[in-house]
Amino acid sequence: MMVKDKLGFTDRMIAKIGKHWLWWRARKTNGLLLNLAIRETIRRLLIIYDNLPNALKEFNQMAIRAGHDLMFEWLDTVKRLTARNVPDLTVVVEAAWYSFLGQHIEEIAYHATPEPEHITWTLDKCILCGGMKHDESIIINDTTLGPDFNYGDFASGVFQAALQMLVDYLELPKIVYLKETKCILRGDQYPEFTAWFFPKAQQ
Amino acid sequence: MEFWTNPAQGEYSRLDMVDLKVHNTLFTTFYVQIVSLMKEKYGVEGAKDALREIGEGVATTMWKYVKPAKAQSKTLENIIEEIFGVSFYYTVEFKRTETGLIIIDKNCPICWEGVVEKDIPYCCILDGFFEKYISIANDEEYPIPKVQMRATKSKAMGDPHCEHLLTIL
């Protein structure tokens, strides 16, 4: 299939409807189960890696490797929604987020500046952090998290790998870097994720 | 810079999340990585224990928010069906044995198509999860016995379906 230069109105409508279809036909797991499986995995990583920042760093790396598997399955489905430019990737991010988490992105924006170009989105509530603020079995806060990783950077890793595969497929000369830039567990009011698209030469 | 017009005003509680569903693939793709890491760090037998412990930890908290109805939980089959229904949205088949029960799982949520694991029964995380869930139910005077649960067949090991043997303690 030839990749378009820009998505049209019809493509955007297909994305809006298609994400519901993808979600409807997806095999589901309980949200609390996923949330607790992530917590228990981090608890195990804490035993292995001694502290939370190291555990989250390893979890992020695991998620990046997992993201390849995820996108491998999904790429065929989303090819129709892609165009060879970064702003139109907002459509894919919205569709992907909904079809995997069943949760609408509250707002999403593309920014050309400050460079590198980036896409930022915010959610109503975060299924990864849910319940963790009051969980006394693992203390997750601004102090224990350390400076580099947030609790939701599992999702960052998965989506970073998935977006990188997509960008490579589109032959955009970009390196994707994705982070949870605001986290409720750090005291922010809402979760926020940012994907930066660095020119390949500047990596 | 704050540029969102409608930022979130709250957060999910665990009770809220009982009613949420997510795509099963999210868990299965990172589970591959967990199994690989556990094998590397603990060896095959240690990895099985570590995976079961992860399942136990999930069950301990899950129980606080998802309790099977006592009146409908008169047998092991009842309670297992209810947990599968709430957690994974499908049901399994059962076969009674002299010492307990076999769960026959033709739709295992863990052993996704394409995953190959020859060393350990891949879905042994479910053993820890169900064993703990049933154990807590027993402690809280549900009319069911404590069990030991072990995956004996696993699609990831090449079996046609997954099976878990429950031995009544």
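This is a predicted model: local features need pLDDT of at least 70, side-chain atom pairs count only at pLDDT 80 or more; totals for chains, interfaces and linings use all residues.
**Stop 1: the whole interface.** Show both chains. The contact draws 44 residues from chain A and 41 residues from chain B. On the chain A side, colour strand 1 (28-30), helix 2, helix 3 (52-78), helix 4 (89-101), strand 2 (105-111) and strand 3 (118-123); each supplies at least two residues that touch chain B. Which element gives the largest share of that side? Helix 2 of chain A does, with 12 residues. By class, the side of chain A that touches chain B holds 20 nonpolar, 11 polar and 13 charged residues.

**Stop 2: the helix pair.** Select residues 31-49 of chain A and residues 24-65 of chain B, which are helix 2 of each chain. Their axes lie 7 Å apart, at an angle of about 130 degrees. The two helices are therefore oblique to each other. Helix 2 of chain A passes helix 2 of chain B in a right-handed crossing.

Now show side chains. From helix 2 of chain A, the contact residues include A:Leu32, A:Leu36, A:Glu40, A:Arg44 and A:Ile48. From helix 2 of chain B, they include B:Phe27, B:Ile34, B:Lys41, B:Ile54, B:Val58 and B:Tyr65. This helix-to-helix contact has 14 nonpolar, three polar and four charged residues.

**Stop 3: the strand pair.** Move to strand 1 of chain A and strand 1 of chain B, residues 21-23. In which sense do they pair? The two strands pair in the antiparallel sense, over three bridges. Finish by picking A:Lys28: its bridge partner in strand 1 of chain B is B:His23.

Key:
Residues are numbered from 1 along each chain as its sequence is written. Chains are lettered from A and ligands numbered from 1 in the order in which they are written. Axes are lines fitted to C-alpha atoms, for helices over the stretch in contact, and angles run from 0 to 180 degrees between N-to-C directions. Helices (H or I, at least four residues) and strands (E, at least two) are DSSP runs, numbered from the N terminus. Angles under 35 degrees count as roughly parallel, over 145 as roughly antiparallel, 65 to 115 as roughly perpendicular and the rest as oblique. A crossing is left-handed if the near helix is turned anticlockwise from the far one by less than a right angle, and right-handed if clockwise. Two residues are in contact if their C-beta atoms, placed from the backbone, lie within 7 Å. Ala, Val, Leu, Ile, Met, Phe, Trp, Tyr, Cys and Pro count as nonpolar, Asp, Glu, Lys and Arg as charged, and the others, Gly among them, as polar. Two strands pair if DSSP finds at least two bridges between them.
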